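Here is a short briefing for a reader who is meeting this structure for the first time. Look through the sequence and the model, then read the points below.

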Amino acid sequence: MMSRKQIILYCVVCLGVTLGVLTLMFRYAALPPQTMAQAHTPQSMESFPPLNLGGTYGTVSMVDLVGYYLQHPPTAAAPGVPAAAPVRIGGC
C-alpha cells in the first residue's frame, strides 16, 4: 500500500512530466508570427481562388457566392412555426 507522501509525489511527477512534454511540443504546434498576422488581416473577395462546389454547381468565384447570398438572404422562420431540422451532410 502506498503512503500519502508517495501518492502526492507520484501526482507531482506526473504533472511535471506532462507539463514538460506539452512545453516541448508547443513550439512545433504554434504558427509562425507571419502566418498569424496574415490570418488576422482581412482579405478581399477577389484574392480567394474559385471554389469547387461539386458536380451540380461546378467552380464558383467568391464574388458570385457573396452576390448570390446578398440577393437571396436566408429567411427567418415565421413566429410560431418550428425551425426546420438542420441538414447534416456526410453523417447520420
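## Cysteines, helices and overall form

C14 is partly exposed, with 29% relative accessible area. The model is a predicted one. Its chain holds three helices and two strands, and a search of the whole structure turns up zero disulfides.

**Cysteines**

- C11 takes part in no disulfide. The nearest cysteine sulfur to that of C11 belongs to C14, 6.7 Å away.
- The cut-off for a disulfide is 2.5 Å between the sulfur atoms.
- A disulfide is a covalent bond that joins the sulfur atoms of two cysteines.

**Order of elements**

- Read from the N terminus, the elements run α-α-β-β-α.
- Helix 1 covers residues 4-29.
- Helix 2 spans 33-39, and strand 1 spans 51-52. A loop lies between helix 2 and strand 1.

**Overall form**

- The radius of gyration of the chain is 26 Å. A compact globule of 92 residues would have one near 12 Å.
- Along the principal axes, the C-alpha atoms fill a box of roughly 70 × 45 × 30 Å.
- How much of the chain is buried? Buried residues account for 2% of the 92 residues.
- The chain exposes about 8900 Å². Carbon and sulfur atoms supply 68% of that area.

**A nonpolar surface patch**

- Which residues form the nonpolar patch on the surface? They are L9, V13, V17, V21 and M25.
- Together these residues have about 460 Å² of accessible area.
- L9, one of the patch residues, is found in helix 1.
- L9 is exposed, because its relative accessible area is 55% and exposed means over 50%.

**Residue A29**

- A29 also has its place in helix 1.
- Is A29 buried or exposed? A29 counts as exposed, because its relative accessibility is 63%.
- A29 and N52 are 23 residues apart along the chain. Their C-alpha atoms are separated by 29 Å.

**Residue T41**

- T41 sits in the loop between helix 2 and strand 1.
- A polar atom of the T41 side chain lies 2.7 Å from the backbone oxygen of A37.
- T41 is partly exposed, because its relative accessible area is 42%.

Definitions and conventions:
Residues numbered from 1 in each chain as written. Predicted model: local features only at pLDDT ≥ 70, side-chain atom pairs only at ≥ 80, totals over all residues. Heavy atoms only, no water. Patch = residues over 30% accessible without salt bridge, like charges linked within 9 Å, V, L, I, M, F, W, Y side chains within 5 Å. Areas by Shrake-Rupley, 256 points an atom, 1.4 Å probe, with all protein chains shown as cover. Salt bridge = Lys/Arg side-chain N within 4 Å of Asp/Glu carboxyl O. Helix = DSSP H or I, 4+ residues; strand = E, 2+ residues; numbered from the N terminus. Buried < 20%, exposed > 50% of the residue type's maximum accessible area, 1.4 Å probe, protein only. Rg over C-alpha atoms; globule rule 2.2 N^0.38 Å. Polar contact = N/O pair within 3.5 Å; in protein donor to acceptor, adjacent residues only side chain to side chain.
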